[in-house]
Amino acid sequence: MKNTTVFDKDLNPVLEIADSEDLAPLVEYVSDKFSEDLTSHDAYKKHSPNHEKYADLIAKEVRDMGGNSFANVWRGEGPSYHEVVCDVAKKLKAPYNKEKSIEDIENSILETILKTAIDHMSEDEKRELLKEMGDKGGLSKGGISTAAFITIFRAGGFYSYQLTLIIANQIARMILGHGLKLATNAGIARIAGVLTGPIGWAITGIWTAIDLAGPAYKVTIPCVIHVAMLRKKLNALNCDGCGAILPDTTMKFCPECGKATAA
């Protein structure tokens, strides 16, 4: 059921197939803002915390947060989600081309954060990260550069999702006071816990360096990173049996439930 006619091709398709657990952090981010409209809507009052029932309203609220209130009234809605993401990229000093796809700009934002985080890790911390990622590509045999992790991130799939989830989890810890619910995949939950320190410190440094006096950056930055994580989750390979995200497309059996995969 639709609650609004406002639709964005880069945002609604992601949120409208997400479950309530994945939407919950977005609701927390936007509802913390004084000017939000979500929690006063009839659909929210009727169905909360079943956030799937009003995912379209969450998408609208995220966009509204990214625009000037007067401009939103004039347009009838907030800026496009593509504009919001470009604005976040600019604020975080992530290189971007506004003509590129939403995924390209999101990836540039994530890479900027990831580079800062890994640059501040010791060799031991980098090795621990790589070990938890299954010693991807045999990189643990020698020195581990930041560029090596960026290569893994750019390859997409499970490992790219995994790194993005670590970032999104640490931002949730910092802003909401708690991490994301990661019980659906034990491996991901473990790696996110292991890296709370190194990546958490780096993200805190990035965050405190941002001038939050601008309109709603405290909402739009974490929302954009969370949506990027959800988009990567959708693009990763899932087990047909339990829904867990598979770490490798060549795996014969799901490490979570043991069901044979299609690989």
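Contact means heavy atoms within 4.5 Å. Helices (H or I, at least four residues) are DSSP runs, numbered from the N terminus. The model is predicted, so local features need pLDDT of at least 70 and side-chain atom pairs count only at pLDDT 80 or more, while totals for chains, interfaces and linings use all residues. Residues are numbered from 1 along each chain as its sequence is written, and side-chain values use heavy atoms, with hydrogens and water left out.

**Exercise 1.** Identify the buried residues of helix α6 (residues 81–91) and what covers them.

*Solution.* Buried means under 20% relative accessible area (1.4 Å probe, protein chains only). By this criterion the list for α6 is Tyr 81, His 82, Val 84, Val 85, Cys 86, Val 88 and Ala 89. Their cover includes α4 (55–65), α7 (102–119) and α13. After α6 comes Lys 93, with a positive phi near 60 degrees.

**Exercise 2.** Determine how α10 (residues 157–176) is oriented relative to α13 (residues 217–235).

*Solution.* Axes are lines fitted to C-alpha atoms, for helices over the stretch in contact, and angles run from 0 to 180 degrees between N-to-C directions. The two axes come within 9 Å and cross at roughly 150 degrees. Therefore α10 is roughly antiparallel to α13 (angles over 145 degrees count as such). On the α10 side, the residues that meet α13 include Tyr 161, Leu 165, Ala 168 and Ile 171; among their partners in α13 are Pro 222, Ile 225 and Met 229. By class, this contact has 10 nonpolar, 2 polar and 3 charged residues. Ala, Val, Leu, Ile, Met, Phe, Trp, Tyr, Cys and Pro count as nonpolar, Asp, Glu, Lys and Arg as charged, and the others, Gly among them, as polar.

**Exercise 3.** Determine the orientation of α9 (residues 146–154) relative to α10.

*Solution.* The axes of α9 and α10 are 7 Å apart, at an angle of about 115 degrees. Hence α9 is roughly perpendicular to α10 (65 to 115 degrees). Phe 149, Ile 152 and Phe 153 in α9 meet Tyr 159, Ser 160, Leu 163 and Thr 164 in α10. This contact has 5 nonpolar, 2 polar and no charged residues.

**Exercise 4.** Is His 226 buried or exposed, and which residues does His 226 touch?

*Solution.* His 226 lies in α13. Its relative accessibility is 2%, so His 226 counts as buried. Not counting residues up to four places away in sequence, His 226 touches Asp 22, Pro 25, Leu 26, Tyr 29 and Leu 180. With the same exclusion, Leu 26 touches Leu 15, Ile 58, Cys 223, His 226, Val 227 and Leu 230.

How values were computed
Helices (H or I, at least four residues) and strands (E, at least two) are DSSP runs, numbered from the N terminus. Angles under 35 degrees count as roughly parallel, over 145 as roughly antiparallel, 65 to 115 as roughly perpendicular and the rest as oblique. Buried means under 20% relative accessible area, exposed over 50%, partly exposed in between (1.4 Å probe, protein chains only).
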